[in-house]
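These are my notebook entries on one structure. I set down what I looked up, entry by entry.

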Amino acid sequence: MERRPIGITVSRQIMDSQRMHPGATGELSGLLSELIVAAKVISAEVNMAGLADILGVSGKTNIQGEQVQKLDEFANNTIIRRMARCGYICVMTSEEEDDIIPVKEGYEGKYTLAFDPLDGSSNIDVNVNVGTIFSIHRRASQWRKGSREDLLKRGRDQVAAGYIIYGSSTIMVYTVGEGVHGFTLDPSVGEFFLSHPDIKMPEESKYISVNEGNHRYWSDEMRQYIDYLRQEDKASGRPYSARYIGSLVADFHRNLITGGIFLYPSDSKNPDKPHGKLRLLYEASPLAMIAEQAGGRAITDEGRTILDIEPGDLHQRVPLIIGSKIAVDEAEKFLLGL
Ligand code: AHM
Ligand code: MG
């Protein structure tokens with residue numbers, strides 16, 4: 001049996017898709033390639049995480065005598081350092097940084113990058129999947145140096161979006177608006193190979209992913225909807241099975257492949273966070289683009305389409321309902337009383 005995947009590498013696929021657009025400059029391809037290198041570096045570090053803990057001295061130094069960084073800090077720094085002088089972007093924003101991140105002077109390009117360097121990082125210590133999420137826009141202004149305004153763009157205007165999930169294997173899923181493709185990293189050759197071509201999210205949902213610990217803080221409509229999913233009705237596939245990892249990228253990825261719905265609605269748990277927990281620019285928006293490109297849907301609990309929201313702040317939170325189309329349609333009916 002053949003052990004190694006022989007097939008299309010992610011770089012080949014990016015170049016092929018560039019060839020379909022004769023006017024393309026290759027900058028987006030270059031940008032994605034740089035991100036992929038950063039992802040490989042992060043993947044290697046995530047795989048070493050358990051080992052670093054075991055071999056590190058008080059968690060401070062590893063066996064080589066180097067500082068052991070927290071992994072989310074490591075992922076953040078890896079992406080910033082790599083992208084700041086890649087020449088394809090003009091400004092960045094990261095979940096880990098309060099303000100915009102400028103690129104190195106003289107290296108400004110025409111794209112912007114928003115990213116969550118290590119989503120679900122609170123799960124690292126227990127060996128649960130984590131991931132990097134990214135969103136790419138074209139710079140709006142003529143101003144070479146990108147600004148906050150260049151980053152505050154609707155998800156609908158993304159030119160590319162994706163994530164890398166560091167799990168039992170490392171998988172990259174991305175879209176440039178022409179379908180969704182998934183690639184699996186073969187660590188022995190250090191390449192991502194096409195493993196999930198043209199992903200289509202099953203229209204019907206098998207799974208419900210939500211933090212039920214927040215039940216008492218939800219709206220009545222939200223509670224009624226969850227109760228409805230628990231009731232038995234073979235024709236509509238209820239009750240749904242519950243699957244909640246607590247790592248958005250991992251919960252989303254499972255639902256993308258198997259069909260499912262993920263919800264992080266508004267709740268009254270913390271008055272400072274009335275709109276749930278997840279961030280628009282680098283969590284909800286990129287995953288919403290992937291969901292729509294794969295035939296799914298992403299809305300807020302007030303029925304607004306995630307991709308159409310005009311952002312007002314780099315780190316704004318948004319209630320998120322995302323997944324299989326029929327399931328999201330049904331959730332919308334409940335929540336809006338339709
Ligand atoms: P993070 O970006 O700081 O890791 O936080 C986001 C994570 C998501 O991955 C996940 O869906 C959510 O937080 C889980 O939150 P909760 O523990 O409230 O269910
Ligand atoms: Mg996150």
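I count two strands as paired if DSSP finds at least two bridges between them. Helices (H or I, at least four residues) and strands (E, at least two) are DSSP runs, numbered from the N terminus. The model is predicted, so local features need pLDDT of at least 70 and side-chain atom pairs count only at pLDDT 80 or more, while totals for chains, interfaces and linings use all residues. Residues are numbered from 1 along each chain as its sequence is written, chains are lettered from A and ligands numbered from 1 in the order in which they are written, and side-chain values use heavy atoms, with hydrogens and water left out.

**Entry 1, the open sheet.** I traced an open sheet of five strands in the order E10-E9-E11-E13-E12, with mixed pairing. Its edge strands, E10 (241–242) and E12 (297–299), each pair on one side only. Strand E9 (residues 207–210) runs parallel to E10, and two bridges join them. Opposite Ser-241 in E10 I found Tyr-207.

Which residues are the protein donors of the magnesium ion (ligand 2)? I noted Asp-116 (OD), Asp-119 (OD) and Glu-283 (OE), lying 1.8 to 2.2 Å from the ion. Donors here are N, O and S atoms within 2.8 Å of the metal (3.2 Å for Na, K and Ca); water is not among the atoms, so sites may look incomplete. Along the chain the donors follow the spacing D-x2-D-x163-E. Asp-116 belongs to strand E3 (residues 111–119) and Glu-283 to helix H7 (residues 280–293), so the pair ties together parts that are 167 residues apart in sequence. Both Asp-116 and Glu-283 are buried, where buried means under 20% relative accessible area, exposed over 50% and partly exposed in between (1.4 Å probe, protein chains only).

I found nine of the nine residues of E3 buried. Strand E1 (residues 89–94) runs parallel to E3 and is joined to E3 by five bridges; there Thr-93 has Ala-114 of E3 as its bridge partner. Strand E4 (residues 130–138) runs antiparallel to E3, with seven bridges between them.

Twelve of the 14 residues of H7 are buried, so the helix is largely enclosed by the rest of the structure. I listed the buried residues, among them Tyr-282, Glu-283, Pro-286 and Met-289. After H7 comes Gly-295, whose phi is positive, near 95 degrees. I then looked at helix H6 (residues 248–258): its axis and that of H7 come within 12 Å and cross at roughly 10 degrees. Axes are lines fitted to C-alpha atoms, for helices over the stretch in contact, with angles from 0 to 180 degrees between N-to-C directions. H6 is therefore roughly parallel to H7, a term for angles under 35 degrees. Contact (heavy atoms within 4.5 Å) is made by Leu-248, Phe-252 and Leu-256 of H6 and by Glu-283, Leu-287, Ile-290 and Ala-291 of H7.

Where is Val-180 found? I located Val-180 in strand E7 (residues 180–186). Val-180 is buried, with a relative accessible area of 0%. Leaving out residues up to four places away in sequence, I found Val-180 touching residues including His-196, Pro-197, Ile-290 and Gln-293. The C-alpha atoms of Val-180 and Met-289 are separated by 9.4 Å, and the two residues lie 109 apart along the chain.

Methods:
Parallel < 35°, antiparallel > 145°, perpendicular 65-115°, else oblique.
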